[in-house]
Amino acid sequence: MSNLELPFRSLAAVITGTSALLIMNIVSIIGNILVCLAVYRNPNLRSTTNLYIIALAVSDLICVTVEMPLASAVFIIGKWDFGDALCQIQGFVDAFASYVTPATMALTAFNRYMRIVKTNHYNRVFSSLRSKIWLSCVWLFLFLYLLVGRLTGWNKFQFIPGYAVCSIAFVKNENRIIHYFLMFGILFVLPLSVGCFSYCKLFVTILLFMSATINPVIYATTNLHFRKEFVK
């Protein structure tokens with residue numbers, strides 16, 4: 001690794017930045033642990049829908065227990081002083097957590113769409129077993145993508161002073177372009193498209209429900225004959 005030191009910062013900047021990181025770290029750990037504990041203690045929360053919420057909590061916990069404490073330490077001492085092995089671990093966790101979050105959110109949106117709009121097909125597509133398979137396949141794909149890329153030299157993990165963390169980097173510029181092109185499509189365009197499609201369908205369905213609810217009110221307020229009958 002090279003350039004392991006952070007740019008010069010004033011004492012006020014160090015105190016402010018470190019305090020913010022520590023507060024976010026503590027709040028995130030407590031919040032996500034509470035989510036997991038709630039599911040552990042209440043079997044009614046172990047639904048296929050909540051599976052993806054739990055997955056997001058787990059991915060956040062992976063991040064805040066590995067990445068954020070090291071980032072806080074780096075911010076305090078002003079440099080990376082934990083060796084290359086730990087840098088590789090933090091870099092892998094940083095990339096993995098960053099990638100699984102939008103992918104899991106896309107699955108969550110699609111799950112909501114099937115649950116509300118395609119109710120008759122929901123149990124077939126998102127049964128308990130299939131929900132776990134969906135999630136496992138997405139996480140495993142991203143895990144293997146990063147692992148194989150690192151083992152083959154396609155990518156590497158190195159300390160990035162501007163972010164105070166170890167993160168993904170590339171030996172060749174061509175690799176960088178291909179990587180971000182793939183990740184942009186898989187982790188941004190695809191989840192965004194799935195989310196927009198799913199929530200637009202949900203919005204249309206909700207509008208239909210609202211229409212059925214407010215139509216009688218419209219009849220009563222705009223039609224004299226209906227108002228008379230309603231009053232009787």
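A crossing of two helices is called left-handed if the near helix is turned anticlockwise from the far one by less than a right angle, and right-handed if clockwise. Helices (H or I, at least four residues) and strands (E, at least two) are DSSP runs, numbered from the N terminus. The model is predicted, so to speak of local features pLDDT must be at least 70, side-chain atom pairs count only at pLDDT 80 or more, and totals for chains, interfaces and linings use all residues. Residues are numbered from 1 along each chain as its sequence is written, and side-chain values use heavy atoms, with hydrogens and water left out.

**Exercise 1. Describe the overall make-up of the chain.**

Step 1: The secondary structure comes to seven helices and two strands. Along the sequence they follow the pattern α-α-α-α-α-β-β-α-α.

Step 2: Of the 232 residues, 35% count as buried (under 20% relative accessible area; exposed is over 50%, partly exposed in between, with a 1.4 Å probe and protein chains only).

Step 3: Take the contacts (heavy atoms within 4.5 Å) between residues at least 6 apart in sequence: 69% of them join residues at least 24 apart.

**Exercise 2. Work out how α2 and α3 pack.**

Step 1: Helix α2 covers residues 48–77 and helix α3 residues 83–116; they pack at about 160°, with axes 9 Å apart. Axes are lines fitted to C-alpha atoms, for helices over the stretch in contact, and angles run from 0 to 180 degrees between N-to-C directions.

Step 2: α2 and α3 are therefore roughly antiparallel to each other (angles under 35 degrees count as roughly parallel, over 145 as roughly antiparallel, 65 to 115 as roughly perpendicular and the rest as oblique).

Step 3: The crossing of α2 past α3 is left-handed. Their contact has 15 nonpolar, eight polar and four charged residues.

**Exercise 3. Find the centre of the largest nonpolar core.**

Step 1: A nonpolar core is a set of buried Ala, Val, Leu, Ile, Met, Phe, Trp, Tyr and Cys residues joined through side-chain atoms within 4.5 Å. The largest one has 24 residues, of which F96, Y99, L135 and L146 touch the most other members.

Step 2: α2, α3, α4 (119–125) and α5 (128–151) each give two or more residues to this core, and α3 gives the most, with nine.

Step 3: Look at L135: leaving aside neighbours within four places in sequence, L135 is in contact with L51, Y52, A55, T104 and L107. A second, separate core of 10 residues includes L70, V74, W80 and F159.

Terms used. Ala, Val, Leu, Ile, Met, Phe, Trp, Tyr, Cys and Pro count as nonpolar, Asp, Glu, Lys and Arg as charged, and the others, Gly among them, as polar.
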